[in-house]
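Let's take a walk through a protein model together, one contact at a time. Keep the picture open and follow along as you read.

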Amino acid sequence: YRDDDDINDVASMAGVNLNEESARIMATNSDLVGTQIQSCKDEPFLAAIPLHKRILEMAKKLGITDVPAEVVTFISHATQNRLRTVIEKVTVITQHRMESYKDDEWYEQATDVRSQLKFFEQLERLEKQRKDEQEREILLKAAKSRSRQEDPEQARLKQKAKEMQQQELAQMRQRDANLTALAAIGPRKKRKLDSPGLLTIGGEALGMSGGSQAGLGTPSSRQYARQKITRVNLRDFIFYMEQERETSHSLLLYRALLK
C-alpha cells in the first residue's frame, strides 16, 4: 500500500511507469527527437492581385466596395479544394471506363456494339457493291448497243462506260506493278529492337549505365518502369457533370454536349 500522499499520482494508480513509457517513446521515435517543426507559408493557389480585382468587380455590382485579403485567400483555397475534388472524381470515372471485364468470370457480355456496327457496315458495303454492279451492267449494255439513231443520253452512257473501262484498266495495271515491285523487293525482315540502356554506334553496343563495360549485344540489367498515364477526355467530364447536382442542369453542360 502506498502513502496517502500518492493518491493524486494518477499514473501510479493506473499502473503506468512513466520511465518505461518515456524510454519506449524514445526508442520508436528516435529519428523525430530533436527535430524542429515549422509551419509552412500559406501560399494562395491563384494569383492574388488578378483574383482580388475580379472579386472587386463582382462585389461592386452588389454595392460592396471593400474586400479584405483574407477573403481572397479563402476563395483561392476553396478553388484549389474544388479543383482537387473534380480531378479525383473524373480520374475515378476514367479508370472505370478503361477497365476491361472480358476476362472476368463474374461478368458475361450482353451486347456487342462493335460487332453490330461491323454488320451494318458490311450490309452497306454489299448494297453499294450491288448498285455498282447494276450501274456497270447498264453502262456495258449502252456501250455494246449499235443503234444508228442515238439520243444524247445514250451517248453520255457510252462515254461514261468508256471512262469506267479505262479506270478499271488503270487499276489493274497499278495492281500488277505493285505486285511486281513487292516480288522484286522480297520478303521484309523484321528489324531487331535495340536493347534498353544501350547505344548502338557502328554495329557496336555501348553500355550507358555506370559500371557496365562496353560489349556486343549485352542487355542492360536495369529495367525502366513505364509510368501509367490516365487520359481524361471530354466525355468523362460530361459524365461527371451529369452526375453532379450543381452541374446536371447547367449551361456549361449544354455547351459541352454541343461540342
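Start with Glu135 and Lys160, which form a salt bridge with their closest N and O atoms 3.0 Å apart. A salt bridge here is a side-chain nitrogen of Lys or Arg within 4 Å of a carboxyl oxygen of Asp or Glu. This pair links distant parts of the chain: Glu135 sits in helix 5, Lys160 in helix 6 (residues 152-185), and they are 25 residues apart. Glu135 counts as partly exposed because its relative accessibility is 35%, and Lys160, at 35%, counts as partly exposed too. In these terms, buried means under 20% relative accessible area, exposed means over 50%, and partly exposed is in between (1.4 Å probe, protein chains only).

Before going on, a word about what you're looking at. This is a predicted model, where local features need pLDDT of at least 70 and side-chain atom pairs count only at pLDDT 80 or more, while totals for chains, interfaces and linings use all residues. Residues are numbered from 1 along each chain as its sequence is written, and side-chain values use heavy atoms, with hydrogens and water left out.

Another salt bridge joins the side chains of Glu168 and Arg136, at 2.9 Å from N to O. Glu168 lies in helix 6 and Arg136 in helix 5, so this pair ties together parts that are 32 residues apart in sequence. Glu168 is partly exposed at 29% relative accessibility, and so is Arg136 at 30%.

With 48% relative accessibility, Leu126 counts as partly exposed. Together with Phe119, Phe120 and Leu123, Leu126 forms a nonpolar patch on the surface, about 410 Å² of accessible area in total. Patches are made of residues with over 30% relative accessible area and no salt bridge: like charges are joined within 9 Å, nonpolar side chains (Val, Leu, Ile, Met, Phe, Trp, Tyr) within 5 Å. The areas come from the Shrake-Rupley method with a 1.4 Å probe, and for residues only the protein chains shown count as cover.

Now zoom out. How many helices and strands does the protein have? There are eight helices and two strands, running α-α-α-α-α-α-β-β-α-α from the N terminus on. Helices (H or I, at least four residues) and strands (E, at least two) are DSSP runs, numbered from the N terminus. Of the 259 residues, 10% count as buried.

Next, look at how some helices meet. The axes of helix 7 (residues 234-243) and helix 8 (residues 251-258) come within 10 Å and cross at roughly 150°. That makes the two helices roughly antiparallel. Helix 4 (residues 69-98) packs against helix 7 at about 115°, with axes 9 Å apart, and these two are therefore roughly perpendicular. Axes are lines fitted to C-alpha atoms, for helices over the stretch in contact, and angles run from 0 to 180 degrees between N-to-C directions. Under 35 degrees counts as roughly parallel, over 145 as roughly antiparallel, 65 to 115 as roughly perpendicular and the rest as oblique.

Glu244 and Lys89 meet in a salt bridge (3.1 Å, N to O). Glu244 is in the loop between helix 7 and helix 8, Lys89 is in helix 4, and the two are 155 residues apart. Is Glu244 buried or exposed? Glu244 is buried, with a relative accessible area of 14%, whereas Lys89 is partly exposed at 35%. The structure holds six salt bridges.
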